[in-house]
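Colleague: Thanks for sitting down with me. Could you walk me through this model and the terms that go with it?

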Amino acid sequence: MRAVAWTLAGAAALGWPLVAPRYFVFLATLVAVNAIVAIGLNLLSGYTNQLSFGHAGFLAIGAYAAAILTLRAPALPVPLTLLAAGLLTALVGLALGIPCLRLDGLYLAMATLAFGFVVTEAITNLDWLTRGNDGLRVPLARLGPWVLDTDRSRYYLALAVAAAMVLAALNVVATRTGRAFLAIRGSEVAAQASGINAAAYKTIAFVLSAFYTGVAGGLFAFAVGFLSPDAFDVFLSVDFLVMIILGGLGSVWGGVAGAAVVTVLNDSLAGFQTYRPLIFGAIMIACMLFAPGGLAAMTRRQS
Amino acid sequence: MSGPALIHVVVSGLATGCIYALVALSLVIVYNATRTVNFAQGEMLMVSAFVAWSAQHTAGLPLLAAVACGVAAGGLLAFLVERAIVRRALSATHWDVLIITLGLSLALRAAAGIVWTNEELPFPALFSNRPVAIGPVRVAPVSLGVIGASLILMLALVALFRATRFGRAMRAVAQNQTAARLMGISVERVYSGAWVLAAVVGGVAGVLIAPVTFLSTKMGLIAINGFTAAVLGGFGSLPGAVAGGMLLGVIENLAPLYLPTGIRYSVPFLVMIGILVARPRGLFGSLERRKV
């Protein structure tokens, strides 16, 4: 039964671009990108209970890193570009994570919020590198002889990367590291008393989360083809939080589901410009009143 | 830069800081009672300012009466929201309430755009903007007025928290909810009282800032500065919120004078990260003992 469901889901994901119109292929690419961010944010906020309001900043770093790297080295195969974007973002995550070790709760939220602002300011002002507010046109991604110049090809790229990232996350949360994250969420003091190095694991969570978001940033850059700093504002960070809370904190698939719901909802309401936030806000409130704990908790209660 | 000019900048920084402090206070009042942050506080103060504008323009009330109307409407809105939405989420975690108030902030901003307008509206000034000379120093009456009004409100809050039954009940709930309940305090009443009080304080901040920044649906974003101020001072501390607000206002006003354009807007945030790294619980926050 499970195997059948997985096969069907896999076939649907692979067959989607063959049946769906071009725009919906692009939308599915965005879902994959946001799902990767949501998984990364969930590792930090859901599993380790470190609230971040700055993930749009990580996404921006990944996106600009991938775009600038492709401009300078056009022949570089896209997996390497994404890896480089992820690693650079992870490095920034390390640099932010270590001083933030002493912070928790709202104080960490504040520091990450500030980080997000600093990143967009930096992108605006480093215009010799990023073209600032004029925006940066992202060159096409290349994979050896192929140029990823269609929405379909970019969708498959995002799908493959997202699948790999989901598998990796499922493995991480099932191992010693994942259990350490959950123990820290339960109680940092108790975790330390049981021999878990809380500082080390919190830093690992930060770095992993930044890596995920950086890779997603690279995919985002290739998917949309144009970057400007105002796309990475604090509202985007809030959207990511909404994804993981609606989907379910501390659940990899919850993050994926939340990302799909928020992305599709955001897009399908785009036609109603003035009413969109009203409807979106009402749906957020209703979800939390009727399904506290998010989508993941809902399926758990039923099973 | 000359001394008097510097004083002018610092005074207008303090005035901005007072507004931030009031917003921070309203966030902290709700947080202390309910342990959740109301992310819709900024949008609620925006509604107060819009209602005040309508009361003056449409209903033709004198400015002060219109302002009182706006602040009262904010309190009423808070009461309804707490009763109708937030309290129903009884089994909800802090995370769920966070999403509820975020949803509320989106919905209120959109609703205000539909009911009123998405354009910027000029808001009638309570105080004059033309600088007057006090000795060698020139200051704008609007700065002094904002500072004065804020200080009066803060003193009133001190009196409320120290001298009234309700204020003592709020402090008791902030310290220990279970113990407060055992002493016969209605925690639910404190919840709704805290929401209303916070909305009133925020509403005053709204009508004070609206003449300076114009009235618009985006003015709720000031909650981010209020949040920053509250965190700087140590979330939960009322004097900390005031100090954090003043500090933030002055830094914001001074930074552009001394720093190159490239980094001037980043500096308040970098200062903030620096302060938090040095004092992880803000300036006035004490390190809680964490028990297992």
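**Across the two chains**

Modeller: Leaving aside neighbours within four places in sequence, Met110(A) is in contact with Phe227(B), Thr228(B), Val231(B), Met272(B) and Leu276(B); in contact means that the C-beta atoms, placed from the backbone, lie within 7 Å. This is a predicted model, where local features need pLDDT of at least 70 and side-chain atom pairs count only at pLDDT 80 or more, while totals for chains, interfaces and linings use all residues. Residues are numbered from 1 along each chain as its sequence is written, and chains are lettered from A and ligands numbered from 1 in the order in which they are written.

Colleague: How many residues does each chain bring to the contact?

Modeller: Chain B gives 39 residues and chain A gives 32 residues. On the side of chain B that touches chain A, H4(B) has the largest share, 14 residues. That side divides into 26 nonpolar, 8 polar and 5 charged residues. Nonpolar covers Ala, Val, Leu, Ile, Met, Phe, Trp, Tyr, Cys and Pro; Asp, Glu, Lys and Arg are charged, and the others, Gly among them, polar.

Colleague: Why is chain A called as compact as a globular protein of that length?

Modeller: Chain A has 14 helices and 4 strands, counted as DSSP runs (H or I, at least four residues; E, at least two). Its radius of gyration is 19 Å, close to the 19 Å that the globule rule gives for 303 residues, so chain A is as compact as a globular protein of that length. The radius is taken over C-alpha atoms, and the rule is 2.2 Å times the number of residues to the power 0.38.

Key: Contact = placed C-beta atoms within 7 Å.
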